[in-house]
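Have a look at the sequence and the fold, then read on.

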Amino acid sequence: QVQLVESGGGLVQPGGSLRLSCAASGRIFSMNAMGWYRQAPGKERELVARISSDGSTKYADSVKGRFTISRDNAKNTVNLQMNSLKPEDTAVYYCNAEYIDTYRYPDRSWGQGTQVTVSS
């Protein structure tokens, strides 16, 4: 099994910044894409940002220019720097990892979620 542990959520005022971190551990043979999703109350979970093993990135249109995703391949960690936060960014943020496990099977795991609240 592969576990994802997230940190960095909290309460921030509009216009503020937060940095989310996620560390993967367990039966990982090789890590493929890592990313962040979010789910607001009453809404479906949506992709926020994704980064492939080669460093290529994809962002939701709503966060382009404000959020930056990065990863450390040696440590199997992924970070999300969130700037210029808006109230509509309020949601539970989930880390996601796609990998090949030690049995050579492709799989994916989710973190437990971390709350981000943007409010004055």
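The link of C22 and C95 is left-handed, with -85° about the S-S bond. The S to S distance in this disulfide is 2.1 Å, and a disulfide here is a pair of cysteine sulfur atoms within 2.5 Å. A search of the whole structure turns up one disulfide. The pair ties distant parts of the chain together: C22 sits in strand β3 (residues 18-26) and C95 in strand β9 (residues 91-101), 73 residues apart. Strands (E, at least two residues) and helices (H or I, at least four) are DSSP runs, numbered from the N terminus.

A word on where this comes from: the model is predicted, so local features need pLDDT of at least 70 and side-chain atom pairs count only at pLDDT 80 or more, while totals for chains, interfaces and linings use all residues. Residues are numbered from 1 along each chain as its sequence is written, and side-chain values use heavy atoms, with hydrogens and water left out.

Now for burial. Buried means under 20% relative accessible area, exposed over 50%, and partly exposed in between, using a 1.4 Å probe and protein chains only.

| Residue | Relative accessible area |
|---|---|
| C22 | 2% |
| C95 | 0% |
| R66 | 11% |
| T114 | 12% |

What does the side chain of R66 reach? It gets to the backbone oxygen of S62, at 2.8 Å. That's a polar contact, meaning a pair of N or O atoms within 3.5 Å; within protein, one must be able to donate a hydrogen and the other to accept it, and residues adjacent in sequence count only if both atoms are side-chain atoms. R66 itself is in the loop between β6 (57-59) and β7 (67-72). Leaving out residues up to four places away in sequence, R66 touches Q81, M82, N83, S84, L85, K86 and D89, where contact means heavy atoms within 4.5 Å.

T114 lies in strand β11 (residues 114-118). The side chain of T114 reaches the backbone nitrogen of G9 at 3.4 Å. Apart from residues up to four places away in sequence, T114 touches E6, G9, L20, A91, V92 and Y93.

Back to the strands, and how they pair (two strands pair if DSSP finds at least two bridges between them). Strand β4 (residues 28-39) runs antiparallel to β9, and nine bridges join them. In that pairing, S30 stands opposite I100 in β9. β4 also pairs with strand β5 (residues 46-51), in the antiparallel sense over five bridges, and the bridge partner of M34 in β5 is I51. The hairpin of β4 and β5 has six residues between the strands, and there G42 takes a positive phi near 80°.

Zooming out, the protein has eleven strands and zero helices. Its radius of gyration is 14 Å, close to the 14 Å that the globule rule gives for 120 residues, so the protein is as compact as a globular protein of that length. The radius is taken over C-alpha atoms, and the rule is 2.2 Å times the number of residues to the power 0.38. Buried residues make up 42% of the 120 residues. Among contacts between residues at least 6 apart in sequence, 56% join residues at least 24 apart.
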